[in-house]
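Trainee: I'd like to go through this one with you and learn where the labels come from. Could we look at it together?

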Amino acid sequence: MNRSTVRNAVVAATALLALFPAAAMAATPTAAPARATVATAHHHYAAHVRGVVVTGQGRALHVRSGAGTTYRTTGTLRSGRQVSLVCKRNGSSVQGNRVWYRLAGHHGRYVSAHYVRVAAGSTVPWC
C-alpha cells in the first residue's frame, strides 16, 4: 500500500467519524464511562461535593464575592446548613486556614473552609 492510499483512507475515516461523533466515542476503546459534570468558567468539575456549615453558637457564615475576607459579603448561611461545593482555592487566612470553597449554583460565591465540614472520604477539587 502506498502513502497516498493510506492518507486517503485516514482522511475518509476522519470525515466519517466527524459525521457521527457519538459512534466515534462508542467505538473508542479508551472512552471512559460518562460522569456528571458541571461546566463553570471554562472548567469541568465532577459532581459537587456536599458540606455542612459549622459556625457554632448560632453564628452565621458570611458568603463572599471572592476567596478572602476583603471581598464584599453577598449573603450569610446558618450553622447546620448543607451546601454544594464546586471547588477550592487559596485566599486570605481564617483561623490559620487559607482554603476557600466556591459554592455551586452561583458564580463568585465563596465561604471559608474553616467553617465547612466535608463528608469523610470526599475531596473538593482545586479551581
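Mentor: Happy to! Two strands pair if DSSP finds at least two bridges between them, and strands are DSSP runs of E, at least two residues long, numbered from the N terminus. This is a predicted model, where local features need pLDDT of at least 70 and side-chain atom pairs count only at pLDDT 80 or more, while totals for chains, interfaces and linings use all residues. Residues are numbered from 1 along each chain as its sequence is written, and side-chain values use heavy atoms, leaving out hydrogens and water.

Trainee: What makes β3 and β6 a pair?

Mentor: Pairing takes at least two bridges, and β3 and β6 have four, in the antiparallel sense. In one of them, Arg 50 has Ser 84 of β6 as its bridge partner.

Trainee: How do you know that β6 and β7 pair?

Mentor: They are joined by six antiparallel bridges. Val 94 has its bridge partner, Asn 97, in β7. The two strands form a hairpin with two residues between them, and Gln 95 in the turn has a positive phi of about 55 degrees.

Trainee: Why is Arg 102 called buried?

Mentor: Buried means under 20% relative accessible area (1.4 Å probe, protein chains only), with exposed over 50% and partly exposed in between. Arg 102 has 5% relative accessibility, so Arg 102 counts as buried. Arg 102 lies in strand β7.
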